[in-house]
Amino acid sequence: MRRLSLGFVAAALFSLPAAAGPAPDLKSLSVALPDAGTMLSGEGSDVANANCLGCHSVEMVLDQPALPRTVWEAEVAKMIKAYKAPIASQDVTAIVDYLASIKSAK
Amino acid sequence: MRDNGLIPSGVTRRRVLTRAGAAGLALAIRPAWADASVHLPLPGGPTARPLTTDFPQKGEMILQRARPPLLETPFEVFDEGVFTPNDRFYVRWHWSGLPTSIDVDTYRLAVRGHVEKPLSLALKEILSLPQFEIAAVNQCSGNSRGLFQPRVAGGEWGNGAMGNARWSGVRLKDVLDLAGVKAGAIQVRFSGLDDPVTDGAPRFRKSLDVDHARDGEAMIAYAMNGEPLPLLNGYPLRLVVPGWYGTYWIKMLNDIEVIDSADDNFWMKSAYLIPDTPLANMKPGGAGVKMIPINRMTPRSFITNVRAGQTIAANAPTLARGIAFGGDAGVSRVDFSSDGGKTWAPATLGADEGKYSFRRWEAQFVLADKGAATLAVRCVNEGGLVQPDTANWNPSGYMRNVIEQTPVVVV
């Protein structure tokens, strides 16, 4: 006979979800999301703040690893081409310069 | 007390300095509401992520991105049981134009396109259909992306962009049959209430083949773990596609469109693509590989009660335990190794909650030699697929399922 350890008994107790039952009573719901208004900082950040943060908050930039400049060029191009970021063509190089300056790899 | 006493505190906390000044500059770029942090073992970093309790209906989560929200489940949650609590379940949105209010009286789910009778279903009509329930893992395509080497751009997740729940709702097949799928239908396309925030940008939409959509397992969930979904997990309705990556599990589902051609929208044709190779693996930087839409999940397993760097007493029987899942098939076997994968022994499996669920495993081991040692765990699924010894790589950081290794110190 297969023996389950005490660990499994405890795990089973923790694992019990509510049993299948009647459909839940769905109620109208309103929530507030936290403010995500933090800005990028440092030399050259103005153009990144103006062009990047309309769609996403700063962690999308700050939590990236060091990446080659070519990758940053491709990322900015993707934001424009695929996700329709309204970035003026004359700002592209400055944005890539900033990203490469804070997250660069050979 | 939920553990066996072997577990150190789950996360490294540090109080963030709040005073202004030069010393605080590096911290000042972090959101003001982050007051504790966790370190994820991402090669080359950055490793620090704030912990946050500021998102509605969510408990403490790892902040990957505030807007649109990317919230990761802290890994210690997976040691607590096979069902991930709703308030700790990971969150991933593509566009920040997601509604923060849901009116259950006016909410409608459209079923349209290549059907006999287009429908606009109220929630109460959906709730009145026969109930279907299934336990299933929802895992982000890019779960563990931050562990890729070479690193790739994207949401830099650790291993916590996954969760398991018991989903309640209605079969997608039943809803499609109400509308009557016409002959010649090829795919079914799904979208939710989240709007793009730039003009002309592609609304997030995903498609399944008609036969898949009508397989009797794909479903529309109105509850997870017996409760309504948190808004950030898709309230009031989300698609559940057991065995497939979370990208298909459309949240705030309000539109089902049956189409008579293969979907060529951006999110199917250009995004979420993997190399058409075993385990979606290719040479880093390689080119000329055929790419296909991501689809079925692969097996994974994790040790949840021993952390990297933890000390283990020499010559003492020690318990390792964790979770495994088979991907698109059940867990056939979980093997445990205390010598870095040189030798393996089957672990004991816990209760079977269904083939798409997390499954508990545990194994006893004894380490005699003091010094460094490596624990490892691997899952074999019922399709015979086994986790690989070496990590896969692809340019988007998808489908990581390498055998996880946990270094420990024997004292």
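How many bridges join strand E7 (residues 108-113) of chain B to strand E8 (residues 119-122) of chain B? Select both strands: four bridges join them, and they run antiparallel. Two strands pair if DSSP finds at least two bridges between them. Strands (E, at least two residues) and helices (H or I, at least four) are DSSP runs, numbered from the N terminus.

Before moving on, note that this is a predicted model: local features need pLDDT of at least 70, side-chain atom pairs count only at pLDDT 80 or more, and totals for chains, interfaces and linings use all residues. Residues are numbered from 1 along each chain as its sequence is written, while chains are lettered from A and ligands numbered from 1 in the order in which they are written.

**Stop 1: the hairpin in chain B**

Stay with E7(B) and E8(B). A hairpin of five residues joins them. Now pick B:Val111; opposite stands B:Leu119 in E8(B).

**Stop 2: the sheet in chain B**

Select strands E1 to E5 of chain B. These five strands form an open, antiparallel sheet in the order E1-E2-E3-E4-E5. Strand E1 (36-39) and strand E5 (91-92) are the edge strands, and each pairs on one side only. Next, zoom in on strand E3 (residues 61-65) and strand E4 (residues 70-72) of chain B, which pair in the antiparallel sense over three bridges. B:Leu63 stands opposite B:Leu71 in E4(B).

**Stop 3: two helices in chain A**

Select helix H2 (residues 45-52) and helix H5 (residues 92-102) of chain A. They pack at an angle of about 110°, with their axes 8 Å apart. Axes are lines fitted to C-alpha atoms, for helices over the stretch in contact, and angles run from 0 to 180 degrees between N-to-C directions. H2(A) and H5(A) are therefore roughly perpendicular, a label for angles of 65 to 115 degrees.

Show the side chains. A:Ser45, A:Val47, A:Ala48 and A:Asn51 in H2(A) meet A:Ala94, A:Ile95 and A:Tyr98 in H5(A). Contact needs C-beta atoms, placed from the backbone, within 7 Å.

**Stop 4: where the chains meet**

Show both chains. Here 45 residues of chain A are in contact with 59 residues of chain B. On the side of chain A that touches chain B, H1(A) gives the most, with six residues.

Finish on E1(A) and strand E6 (residues 101-102) of chain B. Two bridges join these antiparallel strands. Which residue stands opposite A:Ser30? Look in E6(B) for B:Ser101.

Technical notes
Parallel < 35°, antiparallel > 145°, perpendicular 65-115°, else oblique. Contact = placed C-beta atoms within 7 Å.
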